[in-house]
Amino acid sequence: MNAGDGVYSYSKNSHLQKEMIDGAKEMVIDAIIRKLNIKIILSSSNTLRIAELGCSVGPNTFSAMQYIVEALKDKYLLYQDQVINFTNNIPEFQIFFNDHVTNDFNILFRSLPFDRSYYAYGIPGSFYGRLFPSRSIHFVHSSSGINWLSKIPKELVDEKSPAWNKGLIHYVGASNVEVVNAYFAQFEKDMEVFFNVRAEEIVQGGMMVLITAFSGYIRLMRFFGSSLMDLVNEGKLDESLVDSFNLPLYYPSPQEMTKVVEKNGLFSIERMELINIKSNLVDEADAKTLMTSLRSSIEGVIISHFGSKIAEEACARTILKSEEISEWMKVNNEKPSILFVALKRK
């Protein structure tokens, strides 16, 4: 994600991610109220520990954490009303904000709400590895996080591989099924590791909510790829650089998500649902804001491969295609949807 608080920073342009978090709010609250076993969780401690995986720099992460904390308080009060002589005080809350070591934690912590009702901590590191002590976390939340793969499958950039993704930067728009299969295979490997390490960290009966984009937004990735190919056709960029680049993003279907959860076997699926969400950006065909938001999310990986000059020109060209993209959005009229997954540690 783009660091700082500049024009193209994530903190000022994460409109898509906000729509996802807002769209899933009631489902997160419902999962906590209906599915979380507060009795088991509070049997050993009066402190509830929440992990926010892939927090980036805010402000969306703070919005999600606020309504999660409020829902946990409501759950506690419901439990208190049901138990005679239950006099424990409302739990205290610790929230662990996690992202890669390159994340701009300075911006994150400078932006913390003054009226927060929790203690905040920063946890740098990949969530595809252990982050917390055994049996220490009660609730995990991740929105737009597990879409990011730990690495790009090597087959995608191998000219001899049937999965070589020549001329494209993502599986969206690829006619070669081997490309999609290579992406899913990597996602499957990553999620097996992800579930294994989370199972070590989450208490029995603890919960994890995962929110991912599914459609609408992701099909816009192809416009970034077309801008790069424009530069190739103008002789400003070597085509081999495009052929050796793929965005490390995968958006699972409900069937694929069910498969990886059940294969792992350490979590039960409490709720999984694909839902359409209200999107002002899509409804108003606001392509410029939409693409600027996407830019704030993926520009970093583009810079690391192509360099800042090419990345800047490719991103700027894509935003200049806003009229073309707006027309595409109107014609396709594809409603954005998100995949909501609520899991419980067995």
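Pro-59 is found in the loop between β1 (47-53) and α4 (60-82). Helices (H or I, at least four residues) and strands (E, at least two) are DSSP runs, numbered from the N terminus. The model is predicted: local features need pLDDT of at least 70, side-chain atom pairs count only at pLDDT 80 or more, and totals for chains, interfaces and linings use all residues. Residues are numbered from 1 along each chain as its sequence is written, and side-chain values use heavy atoms, with hydrogens and water left out.

Confidence was examined next. The mean pLDDT (the predictor's confidence in each residue, from 0 to 100) is 87 for the protein. A score of at least 70 is reached by 87% of the residues. Among the elements, the lowest mean, 53, belongs to helix α1 (residues 10-13). Strand β3 (residues 119-124) has the highest, 98.

Pro-59 counts as partly exposed because its relative accessibility is 45%. Buried means under 20% relative accessible area, exposed over 50%, and partly exposed in between (1.4 Å probe, protein chains only). The C-alpha atom of Pro-59 is separated by 9.3 Å from that of Pro-113, 54 residues apart along the chain. Ser-56 also lies in the loop between β1 and α4. Its phi is near 60°, a positive value in a residue other than glycine. Ser-56 is buried, at 2% relative accessibility. A positive phi, near 50°, also occurs at Arg-135, in the loop between β3 and β4. Arg-135 is partly exposed, at 43%.

His-141 is found in strand β4 (residues 137-143). With 0% relative accessibility, His-141 is buried. Its side chain makes a polar contact with the side chain of Glu-52 at 2.7 Å. Such a contact is a pair of N or O atoms within 3.5 Å; within protein, one must be able to donate a hydrogen and the other to accept it, and residues adjacent in sequence count only if both atoms are side-chain atoms. Contact in general means heavy atoms within 4.5 Å. Beyond four places in sequence, His-141 touches residues including Leu-53, Ala-64, Ile-68 and Val-209.

The largest nonpolar core has 109 residues. Such a core is a set of buried Ala, Val, Leu, Ile, Met, Phe, Trp, Tyr and Cys residues joined through side-chain atoms within 4.5 Å. Helix α4 supplies the largest share, 10 residues. Phe-194 is among the residues with the most contacts inside the core. Its partners include Leu-53, Phe-127 and Leu-210.

The structure holds 0 disulfides (pairs of cysteine sulfur atoms within 2.5 Å). Cys-55 is buried at 5% relative accessibility, and Cys-315 is buried at 0%.
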